[in-house]
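Hello,

The structure we talked about is below. My notes on two parts of it follow.

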Amino acid sequence: MSLPLPVMIGALAQAQANEVAPALQLLGHAGAPDANYAGGTAATSALMLMLAAAECAALPAREAAMAQAARALVGAAADGRDARMAALAADGSAAALALLAAEAEAEWQGIATPLGLPLPIPVA
Amino acid sequence: MPAEHLARFLGAQWGEPVTITGLKRFHGGSARQTYRFDATTASGRREALVLRRDPPSSLIETDRLAEYRALEAFAGTDVPVPQPLFCDTGADSFGSPGFLMREVAGGMAAGLLEPEPYGTHAAAIGRQLFTALGRIHAAAPAQAGLPAMAPQDAAPARLAHWRAAFDADRFRPEPIVDAGFQWLAANLPPPPPHVSIVHGDYRSGNFLHDGAGRLLAILDWEMVHAGDPLEDLAWACDPLWSNFSGRPGATLPLAEAISIWEAASGLTLDPVRWRWWRVFAQVQGLVIWISAAREVLDGRSHDPVLMFAGTIPYRFHALTLARTLESLK
């Protein structure tokens, strides 16, 4: 994931204290300047908390599976691999691109499943 | 945003005391803080207005004067936009740089994850949306006060822009983005026949409709620039903005959207440039989402909207770009 899970959890904790809790205080006060903002902030934060919880449960097994798949597909490039994987992909390595696509799909499923979202549908 | 601030500013502009009521901040829109309010003068004049001002931390760095000039260029034309009123590039008037425009009454915008946001009006919205885009592209950049650009610079300039943003904000290895940039650099497209106004973020969620099939206003011009019009068309047709419908902007079939855009712009879609800009759209998206995550990572923001951007759209585009690169090899 782009935003590392520990960072997201820490930021969410900060957001609860600094943004969501004050925002919730405004709910029900229609005349308060940020009451409109409060509901959206609280809802988005709740969505991210749900995703963070799902990630906590699924991440270790997914990363272990991806590392195993990387070793099978690209051998030594699987170890400390990201920069080498980029070079392989840029050089047109079908195996590297297939691996990156498979990893990206697994990462998408990690958040799409809790949200009930499908795989991306091409616009063609 | 204290109402007294706005009352003082508008009172000075209109030459009489002003009372502010109904001040509310809109949720979302990380590039700007957006508020609506009613301003009533001592003589009884009443205006529903919207303030857009810079936030302390932003998803993208943008130029509010360019956005304001773009609104001025299209206000009163057949490209529907909110009417701009005042702009202050300093912090004196609104606490940070920003501008005021008239509120578009009764408008609603689609959410990213909302299925079929226009219901049975999808095709009608699509016809208006891609007609308006074509009309924007038929206008010369000078009409919006944008600097001149040679057609051959359009793609390299945008590539360099987002490459610099990526190099500044990346915080871990990104093999898919690296591979995307390498493909784009190695396959630069031919220049467009002429340079157009490019909205820069033309997509579902960035326009208002009335819920009954009428497009009310094109919003969020903060990324406007001169360039290849296919940049806009590719972004508008990216799957991320299709609400999982397979149709651009969750509106019309792609071929129909392109045909409408061609008729309104007077341009013809070049398939070579089109392929390049569609890859570019995904790479640009990933850089935006990485920059959003970087804001959170560095502790400059705890806004859940930036966490959302750094997670859901990021993973969507990582997957679509990986698959696209596979198909290009």
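The buried residues of α1(B) are L6(B), F9(B) and L10(B) (buried: 20 or more other C-beta atoms within 10 Å of the residue's own, with C-beta atoms placed from the backbone; exposed: 12 or fewer; partly exposed: in between). They lie on the same side of α1(B), because they cover an arc of only 90° around the axis (the arc is that of the directions from the helix axis to the C-beta atoms). E4(B) and A12(B), on the other side of α1(B), are exposed. The cover over the buried residues includes β1 (18-25) and β2 (33-41) of chain B.

This is a predicted model, in which local features need pLDDT of at least 70 and side-chain atom pairs count only at pLDDT 80 or more, while totals for chains, interfaces and linings use all residues. Residues are numbered from 1 along each chain as its sequence is written, and chains are lettered from A and ligands numbered from 1 in the order in which they are written.

Helices (H or I, at least four residues) and strands (E, at least two) are DSSP runs, numbered from the N terminus. After α1(B) comes G15(B), with a positive phi near 75°.

The axes of α5 (residues 175-186) and α8 (residues 271-297) of chain B come within 10 Å and cross at roughly 145° (axes are lines fitted to C-alpha atoms, for helices over the stretch in contact; angles run from 0 to 180 degrees between N-to-C directions).

Regards

Methods: Contact = placed C-beta atoms within 7 Å.
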